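Subject: Structure for your review

Dear colleague,

Please find the structure below, together with its sequence. My notes on what was found in it follow.

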Amino acid sequence: MKMINFCKNIMLLLFFTLATINVNAQTTKNKEIAIIKTNIFCNHCKECETCGGKIEKGLAFEKGVKKVAIDEKEMTIIITYNPAKTNPENLKKAISKLGYDADDVKGDPDAYSKLDECCKSGKH
């Protein structure tokens, strides 16, 4: 009887170990990073409520987005996302709807007109 319980415990331990490894592997597969070039014209976008806050909050509601970071020096938005739920084209469209250019997708003119002056290039 003790041997049967011991074997059951070993089997359960093995099962949970394999299940945990499988979950970790799936989590890693469900992350991709998109680096999208944009125009950042102020030097305070990360702190600015209109700039950084708008970008981060706006993209946080996009399906599949896990993390958003702004690189002011490189003028890029780095987005970690789940490729099963979204793709770079959808992310670019979402950025455009906020008024910012996203690689080859121009910012929406109406949204652009509502940005603070420090966020505008004067090119729209």
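A nonpolar core, as the term is used here, is a set of buried Ala, Val, Leu, Ile, Met, Phe, Trp, Tyr and Cys residues joined through side-chain atoms within 4.5 Å. Please note that the model is a predicted one.

By that definition, the largest nonpolar core contains 20 residues, and Leu59, Ile79 and Ile95 have the most contacts inside it. At least two residues of this core come from each of β1, α2 (49-60), β2, β3 and α3. In soluble globular proteins, nonpolar side chains tend to be buried together.

Isoleucine 79 deserves a separate word. Neighbours within four places in sequence set aside, its contacts are Glu32, Ile33, Ala34, Ile36, Leu59, Val65, Lys67, Leu91 and Ile95. Isoleucine 79 in β3 is also the bridge partner of valine 68.

I turn next to the sheet. Three strands make up an open sheet with the order β1-β3-β2 and antiparallel pairing. β1 (32-37) and β2 are the edge strands, each of them pairing on one side only. On average, neighbouring strands of this sheet are turned by 20° against each other, direction ignored.

Between strand β2 (residues 65-71) and strand β3 (residues 76-81), the antiparallel pairing runs over six bridges. Alanine 69 is placed opposite isoleucine 78 in β3. The two strands β2 and β3 form a hairpin, with four residues between them. In the turn, methionine 75 has a positive phi of about 55°.

The remaining notes concern helix α3. At its N-terminal end, α3 is capped by asparagine 87, a side-chain oxygen of which lies 3.0 Å from the backbone nitrogen of glutamate 89. Just after α3, glycine 99 adopts a positive phi of about 105°. Helix α3 (residues 88-97) has Leu91, Lys92, Ala94, Ile95 and Ser96 as its buried residues.

Why is lysine 92 classed as buried? The cut-off for a buried residue is a relative accessible area under 20%, and lysine 92 is therefore counted as buried, since its value is 11%. Residues up to four places away in sequence not counted, lysine 92 touches Ile36, Ala102, Asp103, Asp104 and Val105.

With kind regards

Note on methods. Residues numbered from 1 in each chain as written. Predicted model: local features only at pLDDT ≥ 70, side-chain atom pairs only at ≥ 80, totals over all residues. Heavy atoms only, no water. Pairing = 2+ DSSP bridges. Axes fitted to C-alpha atoms, helices over the stretch in contact; angles between N-to-C directions. Buried < 20%, exposed > 50% of the residue type's maximum accessible area, 1.4 Å probe, protein only. Polar contact = N/O pair within 3.5 Å; in protein donor to acceptor, adjacent residues only side chain to side chain. Contact = heavy atoms within 4.5 Å.
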